[in-house]
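Biologist: I would like to learn how to read a structure feature by feature. Could you walk me through one?

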Amino acid sequence: MAAVVAVVAVVAFLVGQNLGRPGSNVIVVESNPLIGQPAPDFRLATVDGQELALSDLRGRPVIVNFWASWCIPCRDEFPVLRAARESHADDDLEIIGVVHDDGPQTAADFADAYGATWPMVVDTDDVAWNAYRGVFLPLSYFIDRDGIVRAVSYGPPPADALEAYIDQIL
């Protein structure tokens, strides 16, 4: 347990030092017990009051992205995710933004300001956060069409890693 805490602390420090800009000092952790396993399903309310379940998107490649409006690295990650979604529109790539420790209106305003048009769900009771073993933000899970987790990124993934992760789920 102490080793996990130490790794998380080092990664959090490095991401904080980088202020979310992908670069040489961002650590992308590729080991996670969910890799190769079915993605935990969740059904949560969207910021506009609808309901969305991850299983509703079965058959599509999906990025489940945990974020919050107060998260500095999330500000840099959103344009990268938006560009990836646009460039892979023909592949039917979808993103679900899971709002962690933030309010729905604040999250909706942030998403609008950053041009995020993908669904945003609010994880008020940390149901998804706990199922996905959240440690810090941003945190992204790359899930293939069969609902299997293929990659995980702690912090904003560098562009080359993002494309490699997306390739794994297409």
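Modeller: Gladly, and let us begin with sulfur. A search of the whole structure turns up 1 disulfide, where a disulfide is a pair of cysteine sulfur atoms within 2.5 Å. A word on the source: this is a predicted model, in which local features need pLDDT of at least 70 and side-chain atom pairs count only at pLDDT 80 or more, while totals for chains, interfaces and linings use all residues. Residues are numbered from 1 along each chain as its sequence is written, and side-chain values use heavy atoms, with hydrogens and water left out.

Biologist: Which cysteines form the disulfide, and how far apart are their sulfur atoms?

Modeller: The general idea comes before the case. A disulfide is a covalent bond between the sulfur atoms of two cysteines. Here the partners are Cys-71 and Cys-74, with sulfur atoms 2.4 Å apart. The link of Cys-71 and Cys-74 is right-handed, with 80° about the S-S bond.

Biologist: Are Cys-71 and Cys-74 buried or exposed?

Modeller: Buried means under 20% relative accessible area, exposed means over 50%, and partly exposed lies in between (1.4 Å probe, protein chains only). Cys-71 and Cys-74 are both buried.

Biologist: Which strand does E3 join in parallel, and over how many bridges?

Modeller: Two strands pair if DSSP finds at least two bridges between them. E3 runs parallel to strand E4 (residues 94–99), with 6 bridges joining them. Val-62 has Glu-94 of E4 as its bridge partner. Right-handed here means that, with the strands pointing away from the viewer, the path from the first strand over the helix to the second runs clockwise.

Biologist: Which strand runs antiparallel to E3?

Modeller: That is strand E6 (residues 139–143), joined to E3 by 5 bridges. Val-64 stands opposite Tyr-141 in E6.

Biologist: And what covers the picture for E4: are its faces buried or exposed?

Modeller: Both faces of E4 are covered, with Glu-94, Ile-96 and Val-98 buried on one side and Ile-95, Gly-97 and Val-99 buried on the other. Phe-66 has Val-98 of E4 as its bridge partner. E4 also pairs with strand E5 (residues 120–122) in the parallel sense, over 3 bridges. Val-99 stands opposite Val-122 in E5. The chain goes from E4 through H3 to E5, and this β-α-β crossover is right-handed.

Biologist: How many cavities of 30 Å³ or more does the structure hold?

Modeller: On a 1 Å grid over the protein atoms alone, a cavity is a set of points where a 1.4 Å probe fits but cannot get out; a pocket is an open set with protein on both sides within 12 Å along at least five of seven lines, and lining residues have an atom within 4 Å of a point. Grid points are joined across faces, edges and corners, and a volume is the space filled by probe spheres set on the points. The structure holds 1 cavity of 30 Å³ or more. The largest cavity has about 50 Å³ of space, and its lining includes Val-62, Ile-143 and Asp-144.

Biologist: What is the volume of the second largest pocket?

Modeller: About 160 Å³. Helix H3 (residues 104–113) gives the most to its lining, with 3 residues.

Biologist: Last, the backbone. Which residues does a cis peptide bond join?

Modeller: Leu-137 and Pro-138, with omega about -10°. Pro-138 is in the loop between helix H4 (127–131) and E6. In that loop, too, lies Arg-133, a residue other than glycine with a positive phi near 60°.

Biologist: Why does Arg-133 count as partly exposed?

Modeller: Because its relative accessibility is 47%.

Definitions and conventions
Helices (H or I, at least four residues) and strands (E, at least two) are DSSP runs, numbered from the N terminus.
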